[in-house]
Amino acid sequence: MTYYTGFLLPVKAADKNRYIASAQAAWPHFQRYGALEQVETWGDDVPDGQVTSFPMAVKKQDDEVVVLSWIRWPDKATADACYATMDTDPAWQAMDMPFDGKRMMWGGFARIFQS
């Protein structure tokens with residue numbers, strides 16, 4: 001069954017092109033491990049909240065933008081197998097990650113509806 005991993009992270013506005021390049025460089029690695037699609041989105045209308053919000057979730061700073069991305073997999077096992085290689089495949093270690101990984105959130109999601 002189709003499976004998704006989602007990511008929410010803050011990126012410095014000045015690093016937008018660097019982030020895009022990093023995402024583009026990551027795609028062949030994800031694809032090699034079975035990913036079907038990678039989507040990267042740059043926050044355009046992401047309001048601050050009073051109780052909770054995307055900016056609050058990533059502790060966004062004034063010079064940052066919230067990025068939301070996801071990867072579509074054929075199933076959870078394929079996603080898990082890919083992520084298991086991140087400590088052993090040197091290609092992952094060489095990736096430029098222009099964001100604060102401590103404020104990144106991620107998770108796996110099973111599809112329950114699609115139109």
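**Notes on a pocket, a core and some rings**

Entry 1. I started with the largest pocket and looked up who lines it: helix α1 gives the largest share of the lining, five residues. This is a predicted model, so I kept to its limits: local features need pLDDT of at least 70, side-chain atom pairs count only at pLDDT 80 or more, and totals for chains, interfaces and linings use all residues. Residues are numbered from 1 along each chain as its sequence is written, and side-chain values use heavy atoms, with hydrogens and water left out.

My terms: helices (H or I, at least four residues) and strands (E, at least two) are DSSP runs, numbered from the N terminus. On a 1 Å grid over the protein atoms alone, a pocket is an open set of points where a 1.4 Å probe fits, with protein on both sides within 12 Å along at least five of seven lines; lining residues have an atom within 4 Å of a point.

Entry 2. I wrote down a volume of about 550 Å³ for the largest pocket, meaning the space filled by probe spheres set on the points, which are joined across faces, edges and corners. Its lining has 25 residues, and F7, F30, M86, M97 and M104 lie nearest the centre. How does the lining divide into nonpolar, polar and charged? I got 16 nonpolar, six polar and three charged (Ala, Val, Leu, Ile, Met, Phe, Trp, Tyr, Cys and Pro are nonpolar, Asp, Glu, Lys and Arg charged, the others, Gly among them, polar).

Entry 3. Next I checked the largest nonpolar core, a set of 18 residues. The rule joins buried Ala, Val, Leu, Ile, Met, Phe, Trp, Tyr and Cys residues through side-chain atoms within 4.5 Å; buried is under 20% relative accessible area, exposed over 50%, partly exposed in between (1.4 Å probe, protein chains only). Among those with the most contacts inside this core are L9, Y19, F30 and F99. Two or more residues of the core come from each of β1, α1, β3 and α3 (76-84).

Entry 4. Then the rings: I found six aromatic pairs (Phe, Tyr and Trp, its six-membered ring, with centres within 6.5 Å; planes under 30 degrees apart are stacked, over 60 edge-to-face, the rest tilted). Y19 and F99 are edge-to-face, because their planes stand at 65 degrees, with centres 6.2 Å apart. Y19 is in helix α1 and F99 in the loop between α4 and β4, so this pair ties together parts 80 residues apart in sequence. Y19 counts as buried at 7% relative accessibility, and F99 does so at 18%.

F30 and Y83 also pair edge-to-face, with centres 6.2 Å apart and planes at 65 degrees. That pair links helix α1 to helix α3 across 53 residues. F30 is buried at 8%, whereas Y83 is partly exposed at 24%. I also noted one aromatic cluster of F30, Y33, W73, Y83 and W92.

Entry 5. Last, I looked at K59, in the loop between α2 (54-57) and β3. Is K59 buried or exposed? At 62% relative accessibility, I put it down as exposed. Leaving aside neighbours within four places in sequence, K59 is in contact (heavy atoms within 4.5 Å) with E64 and R103. Its phi is near 55 degrees, a positive value in a residue other than glycine.
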